[in-house]
Amino acid sequence: MRGIPLFPEAASSFASEVDALYLFIVAISAFFTVAVSVAVIFFGIRYRRRHADEVGAHIEGSLPLELAWSIIPTLIAMVMFVWGAKLFYEMRRPPAESLQIYAVGKQWMWKFQHQGGQREINELHVPTGRPIRVLVTSEDVLHDLYFPAFRTKIDAIPGRYMPLWFTPTKPGRYHIFCAEYCGTKHSGMIGTVIVMEPQQYQDWLAGGASEGTMAERGAKLFNDLACTTCHLDSGQGRGPSLKDIVGKAVELNDGSTAVVDEGYLRESILNSQARVVKGFTPLMPTFQGLISEEGLAALIEHIKSLSPQAAAQAPALVPASAPVSAAGTPAAPAQGARR
Amino acid sequence: MPQQREAAVLGMWVFLLTEVLFFGGLFIVYTLYRTWYYEAWALASKSIEIVPGLVNTVVLIGSSLTMALSVRAAQTNKRKATVNWLLATIVLGSVFLGIKVYEYSLKFEHHHVPGASFDFYHHADLLGETHEEPASGMTMGRAEINRTTQLFFSLYFVMTGLHALHMIVGVVILFIIAWMAHKGRFDSEYHAPVEMTGLYWHFVDIVWIFLFPLLYLVERH
Amino acid sequence: METPVYPAHNYLSNGHGLKSWLLTKDHKRIAVLYLISISIFFLLGGLFAVGIRLELTTPDGDLFQPDTYNKFFTLHGVIMVFFFLIPSVPAVIGNFLIPPMIGAKDLAFPRINLLSWYLYVVGGLFTLFAIVAGGVDTGWTFYTPYSSASSSTNVTATALGVFIAGFSSILTGLNFIVTIHRMRAPGLHWFKLPLFIWAHYATSLIQVLGTPVVAITIVMIFVERAFGFGIFDPQRGGDPVLMQHLFWFYSHPAVYIMILPALGVISEIVSTFSRKRIFGYSFVAFSSLAIAVFGFIVWAHHMFVAGITTYAAMVFSFLSFSVAIPSAVKVFNWAATMHRGSLSFETPMLYVYGFFGLFLIGGLTGLFLATLGTDIHLHDTYFVVAHFHYIMVGGAIMGYLGGLHFWWPKMFGRMYSEFWSRISAILVFVGFNLTFFPQFVLGYMGMPRRYHMYPDEFQVLNVLSSAGASVLGIGYILPVLYFAYSLKKGEVAGNNPWGASGLEWRTQSPPLTENFVEVPTDIPEAYEYTPQVIREAKLV
């Protein structure tokens, strides 16, 4: 045992920034704790009662003092707020060239899917030096994907994609925790994120044989589910063409617009009448319950691959505004345990 | 005595404030889901028989009137009238609850009670009716309609159920107050309990005045 | 100096036997009923904490089954929050002292006061039933869809218990509001009121406005489980995050239900043991109201990682800092009160010193969680656990114990052992820091809360925490012993053993059933300390 550690490993570009802010607040807190403690201990000695009938001085208060100790803490708090908000804003804006990973939480494991088609359970391989964007969802109850070494986390909520991103900086093996209580084996829902040098990562990708990339698997599903009968590339089908739509704003039936991102695609597949593109009849059946979370992610990757230039644009950052239902398979534990 | 009465009035208002926030939570949930699932809301609301709801609204407004008259009677020392108006209020309250029971039984019959046996079109299927076309510009699949209309009916039952519970409590209190009035406990000096009951009863009525359009009249212009 | 005599007629001697207690309308007797019942629940909640700390001495989760452990922390939370902390200061100390402090004979609605105790008991029995029938494992937050769809434990009984106890809390708040408005002695206007009363007024507002919202949330979870309705069910288009909004709309202000009355207690003790008027009376008074109001607009800081938008998160972060300011103002004013006072250090004052240390750390660590950049890392880790224990145990329990030691002679007419009570105050302070300070470090290291097993590197700090908990445990058990002993054998206290100002010290100890022989009419300013006041205090 090398003494008691005070900080977790710092392995992402956020880590040092979060640590710096943390130390700043620690310093402020220590200052106020010591200042007030010293003051009350000093008063305790200096003004201790010397004879039984003694009373304190009659003092009502002081407006300048009250203002001083309201305004100064407020200003300090504003520094913290602005610093923290800035960092948070950054944490919510994944850069355009991010590597895409899909994560699904279920009682009690984490399932990861890479664009290349590799699938992992409770283990995640990522390269250093590249922003990684993870879209997180859940098949049953709430979970939370937490990487202490990267200083970031996000809830996994059934029915929604929640985005998370980080840039790993230091190769090594670090914890993955579930940070939102999810039942019996909540503390067993842990894993390891393996950060590798880019070259080793390429080797690992090559070694991970799979049944094709996510987009390829998605393309197969696209055929199997007969999406092709309506979504013609020509735009003459009963559904809109899916070519070059990702990242663009489309006009909807009710006159509003929506940016086509993963959240919108997810909603349109599972809850197809929610936001229909203008000029199209809402004929599409809902695929709620007919497609697994993995399949859904593959399908979305396929649709994204039809918009090659969109990869250069900033991906979406906020989760879909309205939640759509979870695509749990009928045997999902959430249903099995009901009543 | 006046201090006691003032305390009771203040206490009652604070209690009603609590009640406003209690129902307020439900109204927030209702509003949010109504925005998200407007079509389902319109569809489900249309499936509710409007006549019993309309009758109930009239009955309840009438009961507020009889309640107010009984408070007036108590204030002016008219014992007999106080009791009679209270009894009239009880009768109207009971009529409301009776109609509510009838409405609930319809929901069970139509499989409009959320849960495993929920089937929005069960009743229409039974009658061999063609499905009513939902509002313009949408065709939700049957599964989708069953999914989201269940949310509406869940809220329908919780909201009307809690309201009915308040009515039942109100009727019980009215019985007690009527009995006390009959025993001659109140006069023009002391009638705070009648007033307090009146405040409560009017509050419960007002809740219904909100519930009725929110649940029965979503897309009936 | 004359030896005080224990008064022959008092509220304790007015009627004997179980019936005289169970049907009492005397606010003082109801306070004693609460004291007994919340002590039992505190013991029970403490036992679950013992289970938690024992399990966490090793990383492997080898002592209890995971389900057992999950039930332990759930029940610890449910019991401590709803059945101990929320009623603690208001229902015991507030119930006993608000009427005499404002020169009243009783609360505005004595029957409702008794009713609220019965509701508390019935709610408690539902929860006990849930425990006996196998426990509940959702966490005290009852997050859906786990609580509504997944957990197979007694969520329904527990939810009903909490729902009923909630109404007990609402009725207490309602009673206090009306009492403070309508029952004050003639001439006792708002700015002559003790700050304890202001704090309770602010607390009552939260109880009345916040509790119904959590009550309706629990009703919705209840119908979801009991009747298969689906209001928060994502399978049916419901939104589980909406439940969190509603839950925290109450449960964040609920933190102030627990802490504000304790802050009121601190004001009384600081002033009495400094023999000095509270510095900046009106600032301390209005800061209580400010905390109550701001408390209602910060709830979503519990949800920074739960999918609220970036801008909403920023707004709620900003607002969260607003609660810090009135709390800081209070601390500064108390410290300034000691300046040029005449300070003595009996047990209640030791609790105040302990409170300063713990509340400062608890409050300041809240800044880490209001700051977005750090909260993302710290959310749902042991840092949060340590933070809220510093506030809710460090703040609220230090206030509760300090208040109990301060007013014990008034409540029961006898003094406890000063020696043992000082030992206990020191043990609580030391044990508390040993238990919870390591948890800040654990949290920053990344240990998530509600973990039954954990990676090896967290063990040293966890063992330290468990060791501290055993010290804390002794600190909590001691008062039970010396308080019980003092009831029969303690020295007779007299009307005003501390030389305190305040109307409650003008009557005998223990007070008469109607509190005063005649309602006081010569109302002094609050916290008036002159040599004459001290001499008079000794005469009676």
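This passage describes the contact between chains C and A of a predicted model and several of its backbone features. Residues are numbered from 1 along each chain as its sequence is written, while chains are lettered from A and ligands numbered from 1 in the order in which they are written. Because the model is predicted, local features need pLDDT of at least 70 and side-chain atom pairs count only at pLDDT 80 or more, whereas totals for chains, interfaces and linings use all residues.

In the interface, 90 residues of chain C are in contact with 86 residues of chain A, two residues being in contact if their C-beta atoms, placed from the backbone, lie within 7 Å. Helix α10 (residues 310-338) of chain C supplies the largest share of the side of chain C that touches chain A, namely 15 residues; helices (H or I, at least four residues) and strands (E, at least two) are DSSP runs, numbered from the N terminus.

Cis peptide bonds occur from Gln107(A) to Trp108(A), with omega near -10°, and between Ser509(C) and Pro510(C), with omega about -10°. Trp108(A) lies in the loop between β1 (99-106) and β2 (109-114) of chain A, and Pro510(C) in the loop between α15 (459-489) and α16 (531-539) of chain C.

Arg151(A), which is not a glycine, has a positive phi near 60° and is placed in the loop between β6 (143-147) and β7 (152-156) of chain A. Arg151(A) is buried, since 30 other C-beta atoms lie within 10 Å, the cut-off for buried being 20 or more such atoms, placed from the backbone, for exposed 12 or fewer, and for partly exposed in between.
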